[in-house]
Amino acid sequence: MTKDEMKARTKKYALRVIKAVQALPENRVANVLGSQLLRSGTSVGANYRAACRAKSTADFVNKLKIVEEEGDESLFWMELLVESGITPQRKLGELMKEGDELVAIVVAAIKTTRQSN
């Protein structure tokens, strides 16, 4: 996958997160969890873009680690939304699958980048 393809994929993920948060019920807990998901889910793409502008290999790896952390955090908030009964698994399942795949891609990229240096 090229950097441009990954940029597009992480942006699409962010847009899907936005739609998922907009579909949450209006209550205090959903609002708090949704805000957390919105922040972490949209930062996956923003931080990946920052990684693409890294000034060195070490900077690239460090920025990718942020992408990994934000992606994993997004999965945590989605798990809480499902496990608390706020939203059904069927509504977030595909988004969670995409989040898992993005995290796996980033982890592999970190590993490959470290091994090639």
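Select Glu 98 first: at 13% relative accessibility, this residue counts as buried (buried means under 20% relative accessible area, exposed over 50%, and partly exposed in between, with a 1.4 Å probe and protein chains only). The model is predicted, so local features need pLDDT of at least 70 and side-chain atom pairs count only at pLDDT 80 or more, while totals for chains, interfaces and linings use all residues. Residues are numbered from 1 along each chain as its sequence is written, and side-chain values use heavy atoms, with hydrogens and water left out.

Glu 98 belongs to helix α4 (residues 89-115) and Arg 9 to helix α1 (residues 3-22), so the pair ties together parts 89 residues apart in sequence. Helices here are DSSP runs of H or I with at least four residues, and strands are runs of E with at least two, numbered from the N terminus.

Then move to Arg 39 and Glu 70. Which distance separates the closest N and O atoms of Arg 39 and Glu 70? The value is 3.2 Å, and the two residues form a salt bridge. This pair links distant parts of the chain, since Arg 39 is in helix α2 (residues 28-52) and Glu 70 in helix α3 (residues 57-83), 31 residues apart.

Remain in helix α3 and select Asp 59 with Lys 63, which lie 4 residues apart, about one turn of the helix. Their closest N and O atoms are 2.8 Å apart, in a salt bridge. Lys 63 counts as partly exposed at 24% relative accessibility. Now select Arg 9, Lys 97, Glu 98 and Glu 101: salt bridges that share partners join these residues into one network. The count of salt bridges comes to 6.

Finally, display the whole chain. The protein has 4 helices and 0 strands, and its elements run α-α-α-α from the N terminus on. Along its principal axes, the C-alpha trace spans about 50 × 20 × 20 Å. Colour the chain by accessibility: buried residues make up 39% of the 117 residues.

Note on methods
A salt bridge is a side-chain nitrogen of Lys or Arg within 4 Å of a carboxyl oxygen of Asp or Glu.
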